[in-house]
Amino acid sequence: MEWIIIALIVLLLVILISCIKIVPQAQAYVVERLGAYQGTWSVGLHIKVPFLDRVARKVNLKEQVADFPPQPVITKDNVTMRIDTVVFYQITDPRLFTYGVENPMMAIENLTATTLRNIIGELELDQTLTSRETINTKMRAALDIATDPWGIKVNRVELKNIIPPAEIQNAMERQMKAERERREAVTRAEGEKKANILVAEGEKESAILRAEAEKQSAILRAEAEKEKMIREAEGEAEAILKVQQANADGIRMLKEAGADEAVLKIKSLEAFEKAADGKATKILLPADLQGVASFATTFREIADK
């Protein structure tokens, strides 16, 4: 009898322990009583009624990622391609998620495929390849509205891969290669143009500097020639001055020696001869010898001084 009591006590303890439930963080338990929805347990300690309550579903409240396989779609210009999508979603209402749809993930996958076909069917190939952000935005809005009755919040939708047909890929590669070659040719032409401009500018500056150097050289040569001519003129003037001074000294010496007028006239004529021996081509003489005598007298007066 004692063993039966002990067994019953152990059985009651096991039942009580099994009725104690601890809900971890970022999860929720959907509880049913006699097959009907009883409530949603959040994080913490909970106790259910034995044999009446049961946990119908454990729901993960974290943001989750669903990566769906590529789906065939047809563009507006009748090009068939394959696109796979990635959906980021989060369960916001565990009760609706449990009772709203039979298989939520399958429902989201099918809804994503149909929405993607509808959007791509309105776009051409080039628009499809260049309008990822627009397609993502439209798909997220459509999926979010459709999954709201299921307690699911679609946070983001991304087109993972866009796979066009092989012939389209080859044509695109050829087009890209031609575009790269065109850009290369344009870049090379622009480089050659800039190089020619720089060379022309260098030659222009070189010519300007050369002309300025020649100008400065001509100015220096002209100044040197001018200085030379001035020095030559000064030398000639000094020579003439010395000759005249020598003549005056000679006349003074003749005077001191007591020379007569005839000698003075002859010396005066010799002085004129020496003066005419320079660069001058003309010399003016008095009309008569009396003038010469008077001119000699003038020289004598100069000598006296």
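Helices (H or I, at least four residues) and strands (E, at least two) are DSSP runs, numbered from the N terminus. This is a predicted model, in which local features need pLDDT of at least 70, side-chain atom pairs count only at pLDDT 80 or more, and totals for chains, interfaces and linings use all residues. Residues are numbered from 1 along each chain as its sequence is written, and side-chain values use heavy atoms, with hydrogens and water left out.

**View 1. The protein chain contains 8 helices and 9 strands.** Of its 305 residues, 24% count as buried, meaning under 20% relative accessible area, where over 50% is exposed and anything in between is partly exposed (1.4 Å probe, protein chains only).

**View 2. Helix 3 covers residues 104–120.** From first C-alpha to last, its 17 residues reach 24 Å, close to the 24 Å expected at 1.5 Å a residue; the expected span is 1.5 Å times one less than the number of residues. Buried residues of helix 3 include Ile 108, Leu 111, Thr 112, Thr 115 and Ile 119. An α-helix has 3.6 residues a turn, so residues three or four places apart point the same way.

**View 3. Ile 9 lies in helix 1 (residues 2–19).** Ile 9 counts as partly exposed because its relative accessibility is 45%.

**View 4. Pro 164 sits in the loop between strand 9 (152–163) and helix 6 (166–257).** Pro 164 has a relative accessible area of 11%, so this residue is buried. Leaving aside neighbours within four places in sequence, Pro 164 is in contact (heavy atoms within 4.5 Å) with Met 81, Gln 169 and Met 172. Pro 72 is 92 residues from Pro 164 along the chain, and their C-alpha atoms are separated by 9.9 Å.
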